[in-house]
Amino acid sequence: MWKEDSGSYWCQAQAMPSKVLRSPISQINVQRIPVADVSLETQPPGGQVMEGDRLVLICSVAMGTGNITFLWYKGATGLNLQTKTQRSLTAEYEIPTVRESDAEQYYCVAENGYDPSPSGLVSITVRIPVSRPILTLRAPRAEAVVGDVLELHCEAQRGSPPILYWFYHEDVTFGSSSAPSGGGVSFNLSLTAEHSGNYSCEAKNGLGAQRSEAVTLDFIVPTGDRSNHITSRVIEGLLGTLGPVTVALLFCYGLKRKIGRRSARDPLRSLPSPVPQEFTCLNSNSPTPGQLQPVYENANAVRGDEVYSLVYYNQQSAAAETPGAHREDKVSIDIYARPRKASITDVDYEDAV
């Protein structure tokens, strides 16, 4: 029995062809059971759905008879999405392709002629994979130079938070940062000459990962830095190659220049007789075996405050050693100074080395 079956009922009987007997009229009223316990469920369950997937909102009642009208609403303002009337305890509303704008609160209402009964609110979260991020390089000037602080900003325009970003230099990661609420992140880098090259960044949020296009970083390396770098390399190479003999000869040459300048400033000074009057740089290519030959001797021997220096160089003969043995060069420097106001530090080391 449905509510529509309410009305007057009777019956009749015919005993003979000419006589019909009719029963008294009986009034029958059919009352509906009001809807109760309205609920809203989602498919997939949990209210989380990927963008582009299908979402179904299922409205149901625990009890109720007759034709039940179901209504679905979106948001706190109660935007009506659809209305269905059917003789069933459940009804469905479908969103075939979910978009980001579908992330909202939903509820449904059911009624069958009595007061409408609403369901509780259900929140729908639309999960969005990250889009391809954009990497931006920000320098404090139009053309960056070594020493500037470079800001690398990586941002994916779309994507459900949290988003994790990774930064790459020539496909090698050098930093990462997280955006708990979405948006972009920045990474600061103090430029050195090694920082030139291609940079990129990657964004991921558990729904996929996207890599940005590579950005090439070119900046100015000051000429002074290059020349100083090259000069230091050359000096290191010379010192490592020429060895102790060259250092001793340069030292000898510098001392000779220094003493020449001192003699010009103080012509009254004269060298004592026991000491030779000239500097001598001897050839030590053929030293007496077992004896050190002086390469340089007699530095600035002047009246009253003599300074003597002897530099010896001994090169071991390779022929006298075992074949394959390592040859060792030895340098010996002896400096003797009589106390005076000026000291051995008067020698101009910058001129010597």
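Modeller: A disulfide is a pair of cysteine sulfur atoms within 2.5 Å. This is a predicted model, in which local features need pLDDT of at least 70 and side-chain atom pairs count only at pLDDT 80 or more, while totals for chains, interfaces and linings use all residues. Residues are numbered from 1 along each chain as its sequence is written, and side-chain values use heavy atoms, with hydrogens and water left out.

Biologist: How many disulfides does this rule give?

Modeller: The count comes to 2 disulfides, and, with bonded cysteines counted along the chain, they follow the pattern 1-2, 3-4. One of them joins Cys-59 to Cys-108, with an S to S distance of 2.1 Å. Cys-59 belongs to strand 7 (residues 55–60) and Cys-108 to strand 11 (residues 105–111), so this pair ties together parts that are 49 residues apart in sequence. Strands here are DSSP runs of E with at least two residues, numbered from the N terminus.

Biologist: Which residue is joined to Cys-154?

Modeller: Cys-154 is joined to Cys-201, with S to S at 2.0 Å. Because Cys-154 lies in strand 16 (residues 149–155) and Cys-201 in strand 20 (residues 197–204), the pair ties together parts that are 47 residues apart in sequence. The torsion about their S-S bond is about 75°, so the disulfide is right-handed.

Biologist: Is Cys-154 buried or exposed?

Modeller: Buried means under 20% relative accessible area, exposed means over 50%, and partly exposed lies in between, with a 1.4 Å probe and protein chains only. Cys-154 has 0% relative accessibility and therefore counts as buried, and Cys-201 is also buried, at 0%. Cys-11, by contrast, counts as partly exposed because its relative accessibility is 49%.

Biologist: What is Leu-152 in contact with, leaving aside its neighbours within four places in sequence?

Modeller: Contact means heavy atoms within 4.5 Å. Leu-152, which is in strand 16, has contacts that include Leu-135, Phe-167, Phe-174, Val-185 and Tyr-199. The C-alpha atoms of Leu-152 and Leu-135 are separated by 6.9 Å, although these residues are 17 residues apart along the chain. Leu-152 counts as buried because its relative accessibility is 0%.

Conventions
Helix = DSSP H or I, 4+ residues; strand = E, 2+ residues; numbered from the N terminus.
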